[in-house]
Amino acid sequence: MGKLRPGEGEWLGSSHTGRPFPLWSFLLLLGSLLSCGLGSSAQGPGEWTLWGSWTRCSSSCGQGVSVRSRHCIRFPGEEPCWGDSHEYRLCQLPDCPPRAVTFRDLQCALYNGRPVLGTQKTYQWVPFHGAPNQCDLNCLAEGHAFYHSFGRVLDGTPCSPGVEGLCVAGRCLSAGCDGLLGSGTREDQCGRCGGANDSCLFVQRVFRDAGAFAGYWNVTLIPEGARHLRVTHRSRNHLGSAGSERGGPEMRVVVPVYSWGDGRSKGPRGRGGAGSQEPADPPLAALLGSDGRYVLNGNWAVSPSGTYEAAGTRVVYTRAAAGPEETLHATGPTSQDLLLQVLLQEPNPGVEFEFWLPRERYGPFQEQTQALGWSLRQPQPREVEPQPPEPPAPAAIPPRTPAPAPDPCAPCPDTRGRAHRLLQYCSSDFVFRARVLGRRRQAQETRYEVRVQQVYKNRSPLQTREYVWAPGLCPCPPLTPHHEYLLAARRLVSPDGTQDRLLLPHSGYARPWSPAEDSRVRLAARHCPV
């Protein structure tokens, strides 16, 4: 198969022999596409109508379900439409009153006093949660040792007490971060629904300073907006974390711990402070709010393990009952800056910390840490798996944040039109709908990570997640992360067989997905030469 190198865009397709199409072949193919009529015998799936509007919530309080639907229109001989005809969305209303009758109770009560089981006996029914299928209406006869299943519960019924999820069409489904039941969409580490961890940076370091005296030492600043914070150490030294007031490099900690300028701070005179020989309590961590009060382990007193509110998030503090291990972790995002400290009593084996930070907040964070005299390792983008932490380099040369350069990419040529769509569809190996999860430039190529959502044409099976390659660092057309496209790609296998790629050619077919574009590409499938 022919191999397209960056900068070579003269050939538009390839044959099974691996030679590019000559110009006369391209003209012949284009003429065949334009002269092809509507009488082609190729049949594909039907076409969906537009989604209808969402229905009212199934519940009057608490959680419920709203549904919308669409219809499949197909002619004789066409296949059924691909995809679902219904979508279910979680609707959240104000909480129900404490003594309100539950939705499942109401459904069981509908059968009170009605003959069942082929006899004239009647019973009073209450929900029974011990049956295998929690989305069946299983009701227990009061005063008797049996239950009866009356079929499925109504859509929007909670699956079971204490279980997240609602019953829809007999299945227990949980809502994704997009609010759709059963979508499986989750937030990434940056807090973006369905994201690919490309809008934040992963900061990771091990604090190994030995310290010139026993007392409090600053470890790092945890800036506002940090997510998935984790701090771990294994020694008799004590962790501490304090809130801060804003004010640039001259900010001061509003606690009995102060003097940031030289990277250290002394505690109160007495237990464990500078010049004191009395040992402090077992390992502890301290958190300080913006009001100047510690959230845990303040005033040299040990707080129990547990969950604490700090900086707009919940911090889980764990101190081992036997042994020196101590951890802090929080989901975030933090609503204010926090200062992490360690109370040194013995040689420091290392304090490990990590968190995720929005890209736009990393510059100010780096400036603050440099102003405070702390060296910090460069963060790692999430596109590359975090490597094991490395000790800081001896030479503390502050890294510089480069100024953003202007976009060097020239505008892409206009590739709209029916002829271009037909040409790309018929000459490609794959046509599919995909959501772009991430983008990475390397060497002279651009690699997109995509999630395949619908396949219109394929010469071989496609995985749920694929890489799509485009020549050059300024591919045309460009794809924007977190957007959905209709893509026409070709299979490109290297001569030695070591690389098998999906290639998006220069000036190829990549259109934002819409119902109208979906109809156009289905029509193009019927016009390709057989």
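## A buried helix

The buried residues of helix α4 are His-420, Arg-421, Leu-422, Leu-423, Gln-424, Tyr-425, Cys-426 and Ser-427. The helix runs over residues 418-427, and because 8 of its 10 residues are buried, α4 is largely enclosed by the rest of the structure. Buried here means a relative accessible area under 20%.

## The protein as a whole

The model described here is predicted. The protein has 530 residues, and 42% of them are buried. Its secondary structure consists of 5 helices and 28 strands.

## The largest pocket

The volume of the largest pocket is about 1100 Å³. Its lining consists of 35 residues, and those nearest its centre are Trp-51, Asp-84, Glu-87, Leu-180 and Arg-433. Five elements are named as giving two or more residues to this lining: strands β4 (86-92), β9 (171-173), β23 (430-442) and β24 (445-458), together with helix α5 (515-525).

Sorted by class, the lining of the largest pocket holds 12 nonpolar, 12 charged and 11 polar residues.

## The second largest pocket

The second largest pocket has a volume of about 670 Å³. It is lined by 29 residues, with Gln-63, Cys-96, Thr-102, Phe-103 and Pro-158 nearest its centre. Helix α2, residues 103-109, contributes the most to this lining, with 4 residues.

The lining of the second largest pocket comprises 14 nonpolar residues, 12 polar residues and 3 charged residues.

## Arg-522 in helix α5

Arg-522 belongs to helix α5, one of the elements that give two or more residues to the lining of the largest pocket. The relative accessible area of Arg-522 is 6%, and a residue counts as buried under 20%, so Arg-522 is buried.

Leaving out residues up to four places away in sequence, Arg-522 touches Pro-45, Gly-46, Glu-47, Trp-82, Gln-454 and Tyr-456. Pro-45 is 477 residues away from Arg-522 along the chain, yet the C-alpha atoms of the two are separated by 8.3 Å.

Glu-354 sits in strand β21, which covers residues 351-358. With a relative accessible area of 24%, Glu-354 is partly exposed.

Apart from neighbours within four places in sequence, the residues in contact with Glu-354 are Phe-202, Val-203, Gln-204, His-228, Leu-229 and Arg-230. Val-203 is 151 residues from Glu-354 in sequence, while their C-alpha atoms are 5.5 Å apart in space. The side chain of Gln-204 makes a polar contact of 3.3 Å with the side chain of Glu-354.

## Positive phi values

His-228, which is among the contacts of Glu-354, has a positive phi near 50° and is not a glycine. This residue is part of strand β12, residues 227-234. The relative accessibility of His-228 is 29%, so His-228 counts as partly exposed.

Asn-197 also has a positive phi, of about 60°, and is not a glycine either. Asn-197 lies in the loop between β9 and β10, the latter covering residues 200-207. Its relative accessibility is 16%, so Asn-197 counts as buried.

## Cis peptide bonds

The peptide bond from Gly-332 to Pro-333 is cis, and its omega is near 0°. Pro-333 is placed in the loop between β19 (325-330) and β20 (338-344).

Cys-476 and Pro-477 are likewise joined by a cis peptide bond, with omega about -5°. The loop that holds Pro-477 lies between β25 (465-471) and β26 (484-493).

Technical notes: Residues numbered from 1 in each chain as written. Predicted model: local features only at pLDDT ≥ 70, side-chain atom pairs only at ≥ 80, totals over all residues. Heavy atoms only, no water. 1 Å grid on protein atoms, 1.4 Å probe; cavity = no way out; pocket = protein on both sides within 12 Å on 5 of 7 lines; lining within 4 Å. Points joined across faces, edges and corners; volume = space filled by probe spheres on them. Nonpolar A, V, L, I, M, F, W, Y, C, P; charged D, E, K, R; others polar. Buried < 20%, exposed > 50% of the residue type's maximum accessible area, 1.4 Å probe, protein only. Contact = heavy atoms within 4.5 Å. Polar contact = N/O pair within 3.5 Å; in protein donor to acceptor, adjacent residues only side chain to side chain.
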